[in-house]
Amino acid sequence: DLIKELNIELVIAEKEADPLIARIARDEGCCAVISHDSDFMIYNTEGLISFKYISNEYTGSVRIFKPKKLAENLNLSVLYLPLLASLVGNDYVPAKEYCHSKLHYLDRNFHQKGYKTIVSIVARYINGKEKRFKDSPMNHIENICAELC
């Protein structure tokens with residue numbers, strides 16, 4: 001068996017593997033997780049290498065997407081990336097139309113915007129709320145969810 005021969009630890013997830021993979025990556029100090037799944041951007045990993053950007057002709061370099069850099073570019077704490085993903089929609093949580101209708105007041109043409117623009121609008125909203133609250137991030141998240149959803 002090649003796995004035993006190469007002394008590779010085999011871990012089997014009983015349910016969804018993403019949280020387990022992210023925890024192992026953090027515990028082992030991995031620089032990135034290689035996946036098709038962008039959810040690793042919200043699991044507090046160091047980075048994501050998307051299979052989408054790896055060609056069959058490996059050139060010796062890959063692009064690593066960094067959650068900290070994404071949060072920085074959106075002017076958010078990384079703690080708010082899961083909230084952002086939940087509000088704009090992801091592969092687990094579809095975008096909630098009722099949340100989007102409440103965000104419509106931020107931009108009259110909200111529903112006609114592209115996904116990247118919607119992410120920016122929602123990130124600015126979260127950032128504005130974050131600065132108004134002085135307590136814990138969990139309270140910010142609860143307040144934002146109560147207000148929008």
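Predicted model: local features only at pLDDT ≥ 70, side-chain atom pairs only at ≥ 80, totals over all residues.
Residues are numbered from 1 along each chain as its sequence is written, and side-chain values use heavy atoms, with hydrogens and water left out.

Helices (DSSP runs of H or I with at least four residues) and strands (runs of E with at least two) are numbered from the N terminus. How many salt bridges are there, if a salt bridge is a side-chain nitrogen of Lys or Arg within 4 Å of a carboxyl oxygen of Asp or Glu? The count by this rule is two. Side chains of opposite charge can pair when their charged atoms come close. One of the pairs joins Arg-23 to Asp-27, whose closest N and O atoms are 3.2 Å apart. Both belong to helix H2, which covers residues 18-28, and being four residues apart there they are separated by about one helical turn. An α-helix has 3.6 residues a turn, so residues three or four places apart point the same way.

For accessibility, buried means under 20% relative accessible area, exposed means over 50%, and partly exposed lies in between, with a 1.4 Å probe and protein chains only. On this scale Arg-23 is partly exposed, with a relative accessible area of 40%, while Asp-27 is exposed at 53%. Another salt bridge links Glu-72 with Lys-69, and here the closest N and O atoms are 3.4 Å apart. These two residues sit three residues apart in helix H3 (residues 67-73), and about one helical turn separates them. Glu-72 is exposed, with a relative accessible area of 53%, and Lys-69, at 45%, counts as partly exposed.

Although Asn-75 is not a glycine, it has a positive phi of about 60 degrees, and its relative accessibility of 46% makes it partly exposed. Helix H4 itself, made of residues 81-88, is mostly covered, since six of its eight residues are buried. The buried residues of H4 are Leu-81, Leu-83, Leu-84, Ala-85, Leu-87 and Val-88. Just after this helix, Gly-89 takes a positive phi of about 100 degrees.

A further loop runs between strand S1 (33-35) and strand S2 (48-50), and Asn-44 is found in it. The phi of Asn-44 is near 60 degrees, which is a positive value in a residue other than glycine, and Asn-44 is exposed, with a relative accessible area of 51%. With contact meaning heavy atoms within 4.5 Å, and leaving aside neighbours within four places in sequence, Thr-45 is in contact with Ala-22, Arg-26, Val-33, Phe-40 and Pro-67.

Within strand S1 lies Ser-35, which at 11% relative accessibility counts as buried. Its contacts, again leaving aside neighbours within four places in sequence, are with Phe-40, Leu-48, Ile-49, Ser-50 and Phe-51.

The loop between H2 and S1 holds Cys-30, which is partly exposed with a relative accessible area of 32%. Leaving aside neighbours within four places in sequence, Cys-30 is in contact with Ala-25 and Glu-46. Cys-30 and Glu-46 are 16 residues apart along the chain, and their C-alpha atoms are separated by 7.1 Å. How many disulfides are there, if a disulfide is a pair of cysteine sulfur atoms within 2.5 Å? The count by this rule is zero. For Cys-30, the closest cysteine sulfur is that of Cys-31, and because the two are 7.2 Å apart they are too far for a bond.

Definitions and conventions: Disulfide = S-S within 2.5 Å.
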